[in-house]
Amino acid sequence: MTEETSSTSQIKVLRVNASSSQSVSFNYLFKVALIGDSGVGKTSILLRFSEGTFLENTASTIGVDFKIISFDLGDNTYAKMQIWDTCGSERFKSLTTAFIKSCPSFILVFDLSRKSTLTNLEHWIDIIKENTNPQLLCFIGNKSDLESEITKEEIDKFSEKYGITYIEASAKNGSNIEEMFITTVSNIYNEIKTKEYNGS
Ligand code: GTP
């Protein structure tokens, strides 16, 4: 028996209408949170992915909010993913921290045009690591449409330190937004299949 891993090319976002989604039977429910400083673009990433829109001026998230997106994993297997948008501001830090402790998987987001937001991800990771067995799915350099304040070396160093896949994206022009969620789903699904293969 060989362990099968799903390739990202096999996974598709299922944008179905209400009546056809009723005919799909879902095998998995994944829960993922977008984490990072205030203003890095977490709400905008979720809005771009779920509704295909972008707002130049967004209100800061109050507390936490979520959207559900469906995925076709291939081989007649389907998953729903609850994507939680957290608040990065100091004002709601205790609420975000409490939420993080109840969530299994994370997408880390920083703003390519603000170096401090990459440095601060270390602090968010410390909070996440207080959780039992958290899964760091990928880290996102958002706002790739703007001039970057961060060098490739600094990003590579961070990626190697934590062993996380890096994706550069823009909620504004939509670049790599769908890809980041497909990578996320693929990473979760591969971990599940590895556990199933190992019998744990
Ligand atoms: P909090 O809810 O406070 O934690 O912030 P957030 O991380 O959800 O950031 P939000 O999505 O509210 O975006 C903050 C600002 O950045 C808004 O003015 C967005 O329009 C802008 N923004 C978000 N993504 C991009 C992007 O890819 N490019 C550019 N140029 N601006 C962006």
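The structure holds 12 aromatic pairs, where rings of Phe, Tyr and Trp (its six-membered ring) pair if their centres lie within 6.5 Å, and planes under 30 degrees apart count as stacked, over 60 as edge-to-face and the rest as tilted. This is a predicted model, in which local features need pLDDT of at least 70 and side-chain atom pairs count only at pLDDT 80 or more, while totals for chains, interfaces and linings use all residues. Residues are numbered from 1 along each chain as its sequence is written, and side-chain values use heavy atoms, with hydrogens and water left out.

One of these pairs is formed by Phe 49 and Phe 181, which are stacked at 4.2 Å centre to centre with 10° between the planes. This pair links distant parts of the chain, since Phe 49 belongs to helix α2 (residues 42–51) and Phe 181 to helix α7 (residues 177–198), 132 residues apart; helices (H or I, at least four residues) and strands (E, at least two) are DSSP runs, numbered from the N terminus. Phe 49 is buried, with a relative accessible area of 3%, and Phe 181 is buried at 0%, where buried means under 20% relative accessible area, exposed over 50%, and partly exposed in between (1.4 Å probe, protein chains only).

The rings of Phe 110 and Tyr 166 have their centres 6.1 Å apart and their planes at 25°, so this pair is stacked. Because Phe 110 lies in strand β5 (residues 105–111) and Tyr 166 in strand β7 (residues 166–168), the pair ties together parts that are 56 residues apart in sequence. Phe 110 is buried, with a relative accessible area of 0%, whereas Tyr 166, at 22%, counts as partly exposed.
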